[in-house]
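Subject: Structure for you to look at

Hello,

Here is the structure I promised to pass on. My notes on it follow below, so please open it alongside them.

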Amino acid sequence: MIPDSIIEDIRYRCDIEDVISSYVTLKRAGSNVKGLCPFHSEKTPSFVVYKDTQSFYCFGCGAGGDVISFIMRQENLDYVSAVEFLARRAGITLPEFDGKTAPDGPSRTRILKMNTDAAKFFRDMLFDDTVGAPGRAYLAGERGLSSAVVKHFGLGYAPRGSALMKHLKSLGYSNEEMEAGYLIAKGDKGYYDIFRGRVMYPIIDVSGNIVAFGGRVLDDSKPKYLNSADTPAFKKSKNLFALNYAKNSSEDALIICEGYMDVIAMHAAGFTNAVATLGTAITSEHARIIKRYTSKVILSYDGDEAGKKATDRAMGLLREAGVDAKILVMKGAKDPDEFIKKYGKEEFRRLLDESRSRFDYVIEKTVSKYNMENADDKIKAADELCREIASVYSKIERDIYIGKTAEALALSKESVKHDVETIIRRNARGEKKKQTENLIRITSGVSDRVNPDYAKAPRTARLEESVIGILLIHPEYVSLKVDGEELKEDDFFTDLGKRLFSFIVEKNREGSFSISHLVENFPQEEVSRAVKLQMSRRELSNDDKAYLTYASALRKEIAGNASSSLEDIISSKRNKK
């Protein structure tokens, strides 16, 4: 366990606004600051950072907590690893402690150290006169990479057999640790190296940590590329290959490629703003990460059917995140690596400058699907494009796209505009209905996965939330006597309410309670709910009289004495004054 005093020192030195502002553009909003939520895509800021309570809450997706829980979400870390991350940021040296992330797994710190040792081993094997010959022949001969480029990206070679496992064991790593880091696996005959006979590409995060590996075979065996699975130190959907370099030259745009070698070839040719996903399609998390560094992207995917589907998916996700995507049109080569080798970097630069806009790509793709000489096909094409235009927020953009669609389909601009506006109105009605239904579900507690007991007795649960919300602001109220007796766990209805109350009581008796104490002991979703309850009480009456009123009503509700409404109880207390 890390001592509470050190945790509090870390929180004190890592001001939540300073930490979050390195990930999110925050703007002043009264006494607080707000910005676009990094945990879901949105166009209107709903993510608020509260300086006074050192907490955050998103009114869009419901994420909330303190600086540690923010880093846990943002960096995909467990509690201990997030504390270590912030300790390094604050220059605090942590004492020796049991650093396991869970009873059955090694810590992220241990995995990262092991990855560094593995990367050094792969590098040494590549430059070994005998062992690394196949890897050097591929990288220098077939791919034409200089020694400087190979060293810049930390490339290596994984020999056949179980050489890595033997090496890491000699350094003191256990099979459990190597398996958790996706470096070895267990088969019928025991453990074996996962990466064998492959050129190795270290995956480095923006903080400079080696979090994972990718490996390419040098023969015809399958799979051609093998990537690390998710580990305590790595999540595919939150990492991009070479972003650690590309982030420094991403102001104009990032180029997103399909493979490691495309990225390396581009960097070698001077296009240091290229990145690639890691054996997976682009995700919404990737899109939000990209948004941190740039608002423009050029997609460089293969022109085959799989590449087109990847382009379609990427454009949609990037657009949701507020990133403008263009498409690189490449002829005469199957990928950027081949194109640069055949035509040179200046010709590739010209290709980048001539990248098609997202909507030009959509028009071309849609028109190619249909026979424009056939009336029914033309109507279908127009409907698809009008729906696409209707989803665009900017009126100026819509007007430009309406003109392009009218020209491409030989229709009047007025008719296209009319259909777009009809779709917008229809979508607005549907969205309003959806919001109303969602509000009803939230109010009634139906489908509440965080607090499933809510739906069993919504009235009681609402009273309970008011009591908990006040206690989260004034935990000292737990010692107040309600109708002659302090509240007990049995005075609460839901399991979540009972656990939150008991925890507040425990921490208050130890000295003091804050939202931050919940982060280590409750799941993130429950911490977020607690922050929501606290935020919902900020603008309401939270004095001791309010607490006693709601607590009394809750106790009577739980006891089955629900004949009087809350308003009656409030009125009776006023009459006693």
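A term to start with: two strands count as paired if DSSP finds at least two bridges between them. Helices (H or I, at least four residues) and strands (E, at least two) are DSSP runs, numbered from the N terminus. Please keep in mind that this is a predicted model, in which local features need pLDDT of at least 70 and side-chain atom pairs count only at pLDDT 80 or more, while totals for chains, interfaces and linings use all residues. Residues are numbered from 1 along each chain as its sequence is written, and side-chain values use heavy atoms, with hydrogens and water left out.

The loop between β3 and β4 holds Q54, which has a positive phi of about 50° although it is not a glycine.

Contact here means heavy atoms within 4.5 Å. Axes are lines fitted to C-alpha atoms, for helices over the stretch in contact, and angles run from 0 to 180 degrees between N-to-C directions.

The four-stranded sheet

Another open sheet has four strands, ordered β6-β9-β10-β11, again with antiparallel pairing. Here β6 (156-158) and β11 (225-227) are the edge strands with a single partner each, so one side of each is left without a neighbour in the sheet. On average, neighbouring strands of this sheet are turned by 35° against each other, direction ignored. Seven bridges link β9 (residues 198-204) to β10 (residues 210-217) in the antiparallel sense, and Y201 stands opposite G214 in β10.

Two helices lie across this sheet. Helix α5 (residues 108-126) lies across β6, β9 and β10 and runs at about 35° to β10, whereas α11 (residues 260-268) lies across β9, β10 and β11 at about 70° to β9.

How many cavities of 30 Å³ or more does the structure hold? There are three. A cavity is a set of points, on a 1 Å grid over the protein atoms alone, where a 1.4 Å probe fits but cannot get out; lining residues have an atom within 4 Å of a point. Grid points are joined across faces, edges and corners, and a volume is the space filled by probe spheres set on the points.

The largest cavity has about 260 Å³ of space. Its lining has 20 residues, with E75, D205, V206, K238 and N239 nearest the centre. The elements giving two or more residues to that lining are β9 and α12 (284-293), and α12 provides the largest share, three residues.

K238 is in the loop between β11 and α10 (243-246). Leaving aside neighbours within four places in sequence, K238 is in contact with R73, Q74, N76, E285, H286 and I289. The K238 side chain reaches the backbone oxygen of R73 at 2.3 Å, where a polar contact is a pair of N or O atoms within 3.5 Å; within protein, one must be able to donate a hydrogen and the other to accept it, and residues adjacent in sequence count only if both atoms are side-chain atoms.

Best wishes

How values were computed: On a 1 Å grid over the protein atoms alone, a cavity is a set of points where a 1.4 Å probe fits but cannot get out, and a pocket is an open set with protein on both sides within 12 Å along at least five of seven lines; lining residues have an atom within 4 Å of a point.
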